[in-house]
Amino acid sequence: MTDPQRSLAIFNDLEAEQDTLAAVLARLSPGDWSSPSAAQGWSVADVVLHLAQTEELVADSATDAERPPLARLGSVDEMAAQMVAAQRGASPDMVFQRWQQARRAAMSTLRDCPAGTRLPWVAVPLSAATLATTRLAEHWAHALDITEPLGLPYPDTARLRHVAWLAMRTLPYAFGLDGQQPGTVRCELAAPGGDVWRFGPDDAASAITGPASAFCRVAAQRLKPADSGLTTTGPDGPAALQVLRSYAF
């Protein structure tokens with residue numbers, strides 16, 4: 001499922017997504033940084049620390065090609081929680097600076113990655129473009145974790161196309177994790193700008209249709225399928241919506 005628009009735009013769009021989040025973080029008060037995020041058990045500062053730590057892993061991946069996928073080292077969620085718990089306590093300014101430095105180093109790693117190189121990540125090694133897509137999806141989802149509890153706007157953009165693409169690319173893996181045979185599904189999603197994004201085979205017997213914003217939030221587990229307003233048809237559409245995800249663990 002090659003998407004030329006995605007592969008050409010992803011690095012610039014990842015940087016733009018991070019810049020948008022940086023502008024939000026720059027305006028937060030010390031009280032905002034210590035307030036609970038929508039990520040259970042984490043403050044806003046914890047979420048940004050987690051993003052910094054994972055961007056550091058991206059930067060290290062280019063020089064640690066033999067590192068096994070993170071999923072082989074144990075529960076990824078538990079590892080992330082332990083990493084945050086071990087390093088929390090720095091001032092908001094220090095956490096913000098650490099993330100800024102880490103994201104720039106990670107971006108250089110991804111942009112400079114030779115063609116054909118695959119970098120170790122969560123479940124399997126990924127191309128630089130696909131890893132950049134996962135990073136955009138994670139930064140977008142965690143931006144919602146930060147902004148929604150604070151009542152701050154974080155408008156949807158055309159960059160959600162990458163998140164939707166990733167969710168469709170990950171669908172066979174998601175079916176497998178649920179113990180199901182992968183189904184063939186197409187998606188027709190109403191984009192934030194009014195366009196329609198189509199993914200999957202045109203002749204697929206099953207489909208998911210509706211707003212791209214809802215589709216991406218379901219994939220990020222920020223919205224329950226039953227509350228999404230998305231429509232499913234065919235033998236595999238309902239199951240696909242239930243297992244949909246934009247991450248690989």
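F96 is buried, with a relative accessible area of 16%. The model described here is predicted. W33 belongs to helix 2 (residues 30-34) and F96 to helix 5 (residues 92-112). The pair therefore ties together parts that are 63 residues apart in sequence. W33 is also buried, with a relative accessible area of 5%, under the 20% limit for that class.

The rings of F96 and W99 also pair, with their centres 6.2 Å apart. Here the planes lie at 15°, so the pair is stacked. Planes under 30 degrees apart count as stacked. F96 and W99 are 3 residues apart in helix 5, so about one helical turn separates them. W99 is buried, with a relative accessible area of 0%. Through these ring pairs, W33, F96 and W99 are linked into a cluster. A charged side chain also meets W99: R103 lies over the face of the W99 ring, at 5.0 Å from the ring centre.

L189 counts as buried because its relative accessibility is 0%. Leaving aside residues up to four places away in sequence, L189 touches A164, D195, V196, W197, F199, I208, G210, A212 and F215. L189 and T209 are 20 residues apart in sequence. In space, their C-alpha atoms are 5.6 Å apart.

A further buried residue, H50, is found in helix 3 (residues 44-61). The relative accessible area of H50 is 8%, so this histidine is buried. H50 has contacts with W42, A80, V84, E138 and H142, again not counting residues up to four places away in sequence.

Terms used
Residues numbered from 1 in each chain as written. Predicted model: local features only at pLDDT ≥ 70, side-chain atom pairs only at ≥ 80, totals over all residues. Heavy atoms only, no water. Buried < 20%, exposed > 50% of the residue type's maximum accessible area, 1.4 Å probe, protein only. Contact = heavy atoms within 4.5 Å. Helix = DSSP H or I, 4+ residues; strand = E, 2+ residues; numbered from the N terminus. Phe/Tyr/Trp six-rings, centres within 6.5 Å; stacked < 30°, edge-to-face > 60°. Lys NZ or Arg CZ within 6 Å of the ring centre and 35° of its normal.
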